[in-house]
Amino acid sequence: MALLELKKLVKAFGGLLAVNDVTFQVEKGEIFGLIGPNGSGKTTIFNCINNFYPITAGDVLFKGQSIKGLKTHKICHLGIGRTFQVVKPLARMTVLDNVTASAFCRVNTIKEAEEEAHRVLGFCNLLGEKTKPAKSLPIAGRKRLEIARALATKPELLLLDETAAGLNPSELDEAIDLIRKIRDSGITILIVEHIMKVIMTISDRIHAINFGQTIAQGTPKEVANNRAVIEAYL
Amino acid sequence: MKTKLLSLIIVGVVALIFPLLVPSDYYRHLVIIALMWVVIGSAWNLLAGYTGQVSFGHAMFFGVGAYTAGIFATKLQVSAWWGMLLGGPVAALFALFVGWVCFRLRGPYFALATLAGGEIIRLVATNWESLTEGMVGILLIQSFRSKLPYYYIALGLAALCIIVIHTVMRSKWGYYFVSIREDQDAAESLGISTALYKNISLLISAFFTGTAGAFYMNYMAFIDPHVVFSLHYISIMAILVGIVGGVATHMGPAVGAFIMVGVQETFRSAIFGLAPKWVSQGHALVFGLIVIFVILFMANGVVGDWAKIKRHVFRMKA
C-alpha cells in the first residue's frame, strides 16, 4: 500500500483546470519529485493534499484512507507536514517559539514542546539562531525554519514546496544534505522543485506535469530523457 | 527578574493600601473605574493583541454582562452580585454566537463585523423594552455606601484577569494564539485548529469583559443601552486602552487603563475646573491626538516601547 495516493485528482478554478486527472503514488521511504514549468499546478496539488483548496474531483488517500475534505489541521495531525513556497514564518515570534508552537501538535507541556523544538532545530542546524525573531532570518534560514516547523509536527510524509528556490550554490548543497538527512530519519518526502540540480540528484522517482496534466513519470534519468518533458521545458 | 518581582510586590502593596491612604471618594472612584478598564483592556488585548483578531465591538460583551446582572436583579429579585457571577458566563455564551458569525471573516472584515455587531445589539437592547426597559434603563439600589468594597472587588477582578491571561499565554494556548495572529494559514498547516482557538480566545475575552460589565451594573447602579453598549465610550475606549498601554504586552492594558481614565477625567472636569468649561467637551479630540502620537512615535505603546521612552527622556536630561 502506497503512503500517499492521488487518484484522478481534478482541481478547477472556474473554467480553468489547474489540475486535471493527476494520478500518482508515493511509496514509504522514498523521495518523490514533482516537476513542471511555472503555473503547471504543482503547488495547487499540494494545496489539494492538505485541503487548503477543496478538491473538485478525484480522491487523496493517506495510508489507504481517504483524507478528502478533512480540515487542514486534522491532516497535519494524521502525519502530513508541509512547507510553503512563499515562506510563512511566524514573523514576530522567535525561531524557537515558531518550532515550539508546531511541536504542540504531538505534546502538551511547554517543557516537552521546547525539548522537541531544540532537537529539531539542532537537526536543521538552526540552534544558533533560536533566540532571533523569525523575520530577521535571511531567506535560506527561513526555508530551514519552514522545514524545522514541519518536522516538529512529527510527520510521516513531508511536502516540500520549492525549499531550494532563491538559495546560493553552497546553501543548495546544504539543503540537499538536509533533505537526504530527513529521508534517512524515516520520513517520506514529496518535493516540488524548479532547480533541476536538486530534484535530479535527490529524487528516487519523478512525476512531471504540464498544464495540470501528467506528462511523464519514472526515475530521474528516464524523465530527463522524456520527449514531452524536454518540450515542456524548452 | 528580581527587580520585576520587587516592583510587582510594591505595586501590589500600594494597590492594597491605596484606599486607606486616600480617603477621598472621588479619587477612589477614579481608581475603581481604572481597575475596571484594566479588566476590559486586558481582555481585549488577549483577543486583539495576542490572537490578532481586532474587535471593535467589545461593548457587546460589556453590555451583555451588565444587563445580565441588571435583569437578574430587577426581574428575578436576586442580588445583582449573583448577576456579577453570571455576567461573565452569559457574555461568553453570547461570544460563541458572535464567533460563529464573525470568524467566517478575517482581518479588517472581522473588525467591521464586530463593529456592526456592537451597533446591532445596542439597537436590540434599546427596542426590546419588555426585557431591558429600553431607554429608561435599569436602576438598582447600591449594596454599599462606602467605596471600599467596590474597590477591593475591582482590584480582585483586575488581578484575577491579569493572572489568568498571563497563565494562558504561557501555555500551549498562548503559543497557538500568537501563531494564529502571525499567520492563519501557516498555523492551520502546523496542526492548529484556528477556528477552535480563535473561539477560545474570544470566549475568555468576553468572559472577563462581561464580568466587568456586571461589576459596572453593581457599582454605578444604573445602566441604559447608550452607556453600556456605547461604541465610543466602551468599544473604542477598550481599543485605546490597549493601544496606548501596549498591544500584546502583559501589563500594557493595565498601564493604558490608568493613563486613559486619567486623561478622560482630566478633560471631563475641564482640567480640574481650572480651564473654561468648553474644554470638558474636548476629551474626544485629545483621545484622537493621543492615538496619532502613539501610532507615530511609539507603536508598541507605553509598555512595549518603554526602553525607547527611557532612552529619549534620558537623552533630554543629558
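I take two strands as paired if DSSP finds at least two bridges between them. Helices (H or I, at least four residues) and strands (E, at least two) are DSSP runs, numbered from the N terminus. This is a predicted model, so I keep in mind that local features need pLDDT of at least 70 and side-chain atom pairs pLDDT 80 or more, while totals for chains, interfaces and linings use all residues. Residues count from 1 along each chain as its sequence is written, with chains lettered from A and ligands numbered from 1 in the order written.

Entry one, the open sheet. I looked up the strand order in chain A: four strands, β2-β1-β4-β5, with antiparallel pairing. β2 (16-26) and β5 (65-66) of chain A are the edges; each has a single partner strand, so one side of each lacks a neighbour in the sheet. β4(A), residues 57-62, meets β5(A) over two antiparallel bridges, and A:Phe62 has A:Gln65 as its bridge partner there.

Entry two, β8(A). I found five of the five residues in 188-192 buried (20 or more other C-beta atoms within 10 Å of a residue's own, C-beta atoms being placed from the backbone). β3(A), residues 31-35, joins β8(A) in parallel by four bridges, with A:Ile31 opposite A:Ile189. β7(A), residues 157-161, also runs parallel to β8(A), over five bridges, and A:Leu157 pairs with A:Thr188.

I see 15 residues of chain B in contact (C-beta atoms, placed from the backbone, within 7 Å) with 22 of chain A. On the chain B side, α8(B) gives the largest share, six residues.

How values were computed
Two residues are in contact if their C-beta atoms, placed from the backbone, lie within 7 Å. A residue is buried if 20 or more other C-beta atoms lie within 10 Å of its own, exposed if 12 or fewer, and partly exposed in between; C-beta atoms are placed from the backbone.
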